[in-house]
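Take a moment to turn the model around before reading on.

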Amino acid sequence: MHYPEDLEKLISYYGKLPGVGGKSAERYAIATIEYSEEEIEEFCKILKNAKKNLIRCENCGHITDKTICNICSDPTRNQNCICVVEDYRSIFSFEKAGKYKGTYHVLNGLISPIDDIGPEDINISTLLKRVENLQNPELILALKPTIEGDTTNMYIKKILENKKVTISRLSYGIPIGAEIDYLDNVTLERALEDRKKISE
């Protein structure tokens with residue numbers, strides 16, 4: 001199919017979004033160019049503001065428009081319970097499930113020697129500082145069940161083995177290789193409730 005050049009460029013950009021195939025990218029592009037001039041300007045403004053204003057929480061690494069995110073600053077959350085996730089998308093999944101009342105910590109990656117990604121390349125140092133400032137904390141390791149996820153779990157367990165930290169992981173009812181942010185609410189809730197203690 002031959003598209004006008006500008007439409008083809010727009011389709012290609014929508015096609016870069018995760019889970020968006022060629023047909024969907026085409027629909028999104030055509031729908032976008034049918035917006036009014038005012039809607040296009042507002043859309044562009046929203047995109048620019050999101051890129052400009054969204055930053056990482058200084059405490060947990062979650063995406064936010066404040067220095068400290070709403071979850072970390074919420075006095076009703078259990079600050080002693082930290083759910084460790086690979087990226088902030090997983091936090092949205094837990095929050096949609098609505099059962100978890102602790103806080104989070106975003107590693108922003110996983111240890112992967114084959115990709116030359118070590119502990120110093122992800123957000124572990126900030127996690128250690130948080131743990132040191134808490135009394136009898138629990139870490140829930142909510143990383144995907146892959147080699148990289150297991151390697152990261154083992155590393156975190158190793159560096160905290162002489163500290164008073166309870167470490168648990170999500171139930172392995174989660175399919176092998178599954179992405180946390182693609183799990184349905186029921187599966188995620190059960191995995192959280194059935195978490196297994198691996199260190200104390």
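Begin with a cluster of aromatic rings: Phe94, Tyr100 and Tyr104 are linked by ring pairs. Keep in mind that this is a predicted model. Across the whole structure, a search turns up six aromatic pairs. One of them joins Tyr88 and Phe92, with ring centres 6.0 Å apart and planes at 80°. Planes over 60 degrees apart count as edge-to-face, so that is the label for this pair.

Where do Tyr88 and Phe92 lie? Both sit in helix 4, four residues apart, which is about one turn of the helix. An α-helix has 3.6 residues a turn, so residues three or four places apart point the same way. Tyr88 has a relative accessibility of 25% and counts as partly exposed. Phe92 is partly exposed too, at 38%.

Now return to the cluster. Phe94 and Tyr100 form a tilted pair. Their centres are 6.3 Å apart, and the angle between the planes is 55°.

Next, look at helix 4 as a whole. It spans residues 88-97. Which of its residues are buried? They are Ser90, Ile91, Ser93, Phe94 and Ala97. These residues cover an arc of only 160° around the axis, so they are on the same side of helix 4. Just after the helix comes Gly98, which takes a positive phi of about 80°.

Follow the chain onward and you reach strand 4, residues 102-106. This strand is mostly covered: five of its five residues are buried. Strand 3, residues 78-85, pairs with strand 4 in the parallel sense, over five bridges. Pick out one of these partners: Val84 is bridged to His105 in strand 4. How does the chain get from strand 3 to strand 4? It crosses through helix 4, and this β-α-β crossover is right-handed. As for side chains, those in a regular strand alternate between the two faces of the sheet.

Now move towards the start of the chain. Val20 is in the loop between helix 1 (5-14) and helix 2 (22-33). Its relative accessibility is 16%, so Val20 counts as buried. What does Val20 touch? Leaving aside residues up to four places away in sequence, its contacts are Tyr14, Gly15, Ala25 and Tyr28.

Finally, step back to the whole protein. It has seven helices and seven strands. Read from the N terminus, the order is α-α-α-β-β-β-α-β-α-β-α-β-α-β. The protein has 200 residues, and 40% of them are buried. Its accessible surface is about 12,500 Å², and carbon and sulfur atoms account for 51% of that.

Conventions: Residues are numbered from 1 along each chain as its sequence is written. This is a predicted model: local features need pLDDT of at least 70, side-chain atom pairs count only at pLDDT 80 or more; totals for chains, interfaces and linings use all residues. Side-chain values use heavy atoms; hydrogens and water are left out. Helices (H or I, at least four residues) and strands (E, at least two) are DSSP runs, numbered from the N terminus. Buried means under 20% relative accessible area, exposed over 50%, partly exposed in between (1.4 Å probe, protein chains only). Accessible areas come from the Shrake-Rupley method with a 1.4 Å probe; for residues, only the protein chains shown count as cover. Two strands pair if DSSP finds at least two bridges between them. A crossover is right-handed if, with the strands pointing away from the viewer, the path from the first strand over the helix to the second runs clockwise. The arc is that of the directions from the helix axis to the C-beta atoms. Rings of Phe, Tyr and Trp (its six-membered ring) pair if their centres lie within 6.5 Å; planes under 30 degrees apart count as stacked, over 60 as edge-to-face and the rest as tilted. Contact means heavy atoms within 4.5 Å.
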